[in-house]
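Reader: I would like to learn how to read packing, sheets and pockets in a model. Can you take me through one?

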Amino acid sequence: MLAYSGGVDTSVCIPYLKQEWGVEEVITFAADLGQGDELEPIRLKALASGASQSIVSDLIEPFITEFAFPAIRANALYEGRYPLSTALARPLIARRLVEIAREVGADAVAHGCTGKGNDQVRFDVAIGALAPELKVLAPAREWGMSREQTIAYGERCGIAAPVSKKSPYSIDLNLLGRSIEAGSLEDPDVEPPEEIYAMTCSVEAAPATPQVVEIGFEHGNPVSLDGERLDPVTMIRRANALAGSHGFGRLDMVENRVVGIKSREIYETPGLLLLIKAHQELESLTLAADVLRYKRQVEMSWADLVYQGLWYGPLKQALDGFLDRTQDTVNGRVRLKLHRGNATVVGRSSDSDSLYVPDMATYGSEDLFDHRAAEGFIYVWGLPTRLWSARHRAG
């Protein structure tokens, strides 16, 4: 079973496995994750490249409900910035690969990941967790070819290169976003050319007039946009189009890969970033202070685990239980103003779960806060500091 995208590395894997490694039969699997590509040409390309079977599965709905929505509830941002749009797809693809491998009686699972990328870790670890009896093959880790040599090898086998030498970007695309790397982007000091973007417009081309959008949540999941209730997939599509049209959702970052090197990555994740920002704001209204502070620590660990390929690991599953429990009261609405690359929160409300009590927060005549109680509180709160200071001053 070969995880297949139709790109350079996975396309070359088919003849390479057969000609160089003596694999008798290669069955490919391509996942529809809402990338918008016509998958029938990809399926046919796999067959033309030597696959005995080429399987395509629609995984859009589980991708959003089982992977994207938990990431939103976790406010998952790797290194505080990247919302894991690519990383979230890998455990789902691995799960389906294992299912099909068992259905067809395959004895190994293969992928086209390179030896210094993150995806090799994610696939290998996920497959090992789900089906330790299956062998994992990774030709691109061993063939020792540069990208140009890989393209040339494919051309000798009759496989047309999906990229040209003039535009050598490596792009991963799904409904949650795009990641772009390679080519001139390998220099972290080079400004990304506008041509690499597809989901977001430039700030210069964004509308001059701001637009306010209201996002509704139930139990931490986004369920409505401007009062219209939407299914999960439509929610992501609408959020992408809306945020992207205002130039929001671009990331240019140097991140720390699992294998220990730094990599310059460009991401477009307009809808996912918008929904996470709104969700964070609603939690500030509905979660208790100690839960909110502790959850921030869990969020960082959760994002690290997903980025590092440990979706099916015991720690990530344990953290899921905590995160799910915190979302019982994350119900309400958040309004954001979209304007030329920015999404600014302008309002938040919760009918039943808000911990913001106006009569306690106001400085007006309705104020119910007991100001006299503050003196005793401050005395007890500051007592350890005063005792420490007195001891050290005495010394």
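Author: We will go through helix contacts, then sheets, then pockets and cavities. Keep in mind that this is a predicted model.

Reader: Start with helices. What describes two packed helices?

Author: Two packed helices are described by the angle between their axes and by the distance between those axes. Take helix H7 (residues 232-245) and helix H8 (residues 270-286). Their axes come within 7 Å and cross at roughly 100 degrees. Angles of 65 to 115 degrees count as roughly perpendicular, so H7 and H8 are roughly perpendicular to each other.

Reader: Which residues of H7 and H8 meet?

Author: H7 brings Met235, Ile236, Ala239, Asn240, Ala243 and Gly244. H8 answers with Pro270, Gly271, Leu272, Leu274 and Leu275. By class, this H7 and H8 contact holds eight nonpolar, three polar and no charged residues.

Reader: At what angle do the axes of H8 and helix H9 cross?

Author: The axes of H8 and H9 (residues 289-307) cross at roughly 150 degrees and come within 11 Å. Angles over 145 degrees count as roughly antiparallel, so H8 and H9 are roughly antiparallel to each other. On H8, the contact uses His279, Gln280, Glu283 and Ser284. On H9, Leu292, Lys295, Arg296 and Glu299 take part. The classes here are one nonpolar, three polar and four charged residues.

Reader: Now sheets. How do strands of a sheet pair?

Author: Strands pair through backbone hydrogen bonds, in a parallel or an antiparallel way.

Reader: How many bridges join E11 to strand E12?

Author: Seven bridges join E11 to E12 (residues 262-268), and the two run antiparallel. For example, Asn256 has Lys262 in E12 as its bridge partner.

Reader: In what order do the strands of the five-strand sheet run?

Author: The order is E10-E9-E8-E13-E14; this sheet is open, and its pairing is antiparallel. Strand E10 (228-229) and strand E14 (342-349) stand at the edges, each with a single partner strand, so one side of each has no neighbour in the sheet. E10 pairs with strand E9 (residues 221-225) over two bridges, in the antiparallel sense. Ser224 has Arg229 in E10 as its bridge partner.

Reader: Which strands does H7 touch where it packs on the sheet?

Author: H7 touches strand E8 (211-218), E9, E10 and strand E13 (332-339). The direction of H7 makes about 65 degrees with that of E9.

Reader: Last, the spaces. What lines the second largest pocket?

Author: The second largest pocket has a volume of about 330 Å³ and a lining of 16 residues. Met1, Val23, Glu25, Asp107 and Ala108 lie nearest its centre. Strand E4 (108-110) and strand E5 (135-137) each give at least two residues to this lining. The lining has 11 nonpolar, one polar and four charged residues.

Reader: How many cavities of 30 Å³ or more does the structure hold?

Author: The structure holds two. The second largest cavity has a volume of about 40 Å³. Pro91, Arg122, Ala126, Val306, Gly309, Trp311 and Tyr312 line this cavity. Five are nonpolar, one is polar and one is charged.

Technical notes. Residues are numbered from 1 along each chain as its sequence is written. This is a predicted model: local features need pLDDT of at least 70, side-chain atom pairs count only at pLDDT 80 or more; totals for chains, interfaces and linings use all residues. Side-chain values use heavy atoms; hydrogens and water are left out. On a 1 Å grid over the protein atoms alone, a cavity is a set of points where a 1.4 Å probe fits but cannot get out, and a pocket is an open set with protein on both sides within 12 Å along at least five of seven lines; lining residues have an atom within 4 Å of a point. Grid points are joined across faces, edges and corners, and a volume is the space filled by probe spheres set on the points. Helices (H or I, at least four residues) and strands (E, at least two) are DSSP runs, numbered from the N terminus. Ala, Val, Leu, Ile, Met, Phe, Trp, Tyr, Cys and Pro count as nonpolar, Asp, Glu, Lys and Arg as charged, and the others, Gly among them, as polar. Axes are lines fitted to C-alpha atoms, for helices over the stretch in contact, and angles run from 0 to 180 degrees between N-to-C directions. Angles under 35 degrees count as roughly parallel, over 145 as roughly antiparallel, 65 to 115 as roughly perpendicular and the rest as oblique. Contact means heavy atoms within 4.5 Å. Two strands pair if DSSP finds at least two bridges between them.
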